[in-house]
Amino acid sequence: MNIETDIQQPSNDLFLEQEFFQHEYASTGQRFLNWLIDNLLMRLGLSWVTGYAVGYFLAQFFPHFYLDMIESKGFEWYLTLYLVAFFNYLIYYTFCEKVFNGYTLGKLITGTRAIREDGAELTLKNATLRSLSRMVPFEVFSIWGDGLWHDRWTKTMVIKTR
């Protein structure tokens, strides 16, 4: 009898090497509060700061354009507002969900967190795609379907942390 043949080799069975985690999904109420808190923060705080910065930049470097835009409140005005809002949405959610490991201020307050479906932390790609998916028109109404599109399309989920 050879000792080398009696030693068991490590199994290559994937089920033995993987850890399975069971998470409790965040409730619809928690998801709504996340949205409400985060949107209030963006609209009242971040939008004021970035709007002021963009206005200051335009007034300093393009004063005629800035004054015409303010007086007419035409296409340029609404385009500028839309671009500032787009920028805020993209930066706020991407930054928070990546840097703070799946948390935004709303998620922190409600005790929830965004993770990938496999249980791993969000990558920069996941966080960015979640942010872009949120900007699809009527995406917020997908909560009454099979789940929010920004979760399904990016293979992520929001779970309870406490």
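**View 1. Glu139 in its loop.** Glu139 sits in the loop that links α7 (124-134) to α8 (149-152). Helices here are DSSP runs (H or I, at least four residues), numbered from the N terminus. The model is predicted, so local features need pLDDT of at least 70 and side-chain atom pairs pLDDT 80 or more, while totals for chains, interfaces and linings use all residues. Residue numbers start from 1 along each chain as its sequence is written, and side-chain values use heavy atoms, without hydrogens and water.

Glu139 is buried (under 20% relative accessible area, 1.4 Å probe, protein chains only). Glu139 has no salt bridge (a side-chain nitrogen of Lys or Arg within 4 Å of a carboxyl oxygen of Asp or Glu). The nearest side chain of opposite charge is Arg134, 6.0 Å away. Lys and Arg count as positive, Asp and Glu as negative; His and the chain ends are not counted. Beyond its neighbours within four places in sequence, Glu139 is in contact with Ser133, Arg134, Leu148, Trp149 and His150 (heavy atoms within 4.5 Å).

**View 2. Helix α4 against helix α5.** The axes of α4 and α5 (residues 75-99) come within 7 Å and cross at roughly 100 degrees. Axes are lines fitted to C-alpha atoms over the stretch in contact, with angles from 0 to 180 degrees between N-to-C directions. The two helices, α4 and α5, are therefore roughly perpendicular (65 to 115 degrees). From α4, Phe65, Met69 and Ile70 meet Glu76, Trp77 and Thr80 of α5.

**View 3. Helix α3 against helix α4.** Helix α3 (residues 28-61) packs on α4 (residues 63-72) at about 125 degrees, with axes 5 Å apart.

Key:
Buried means under 20% relative accessible area, exposed over 50%, partly exposed in between (1.4 Å probe, protein chains only). Angles under 35 degrees count as roughly parallel, over 145 as roughly antiparallel, 65 to 115 as roughly perpendicular and the rest as oblique.
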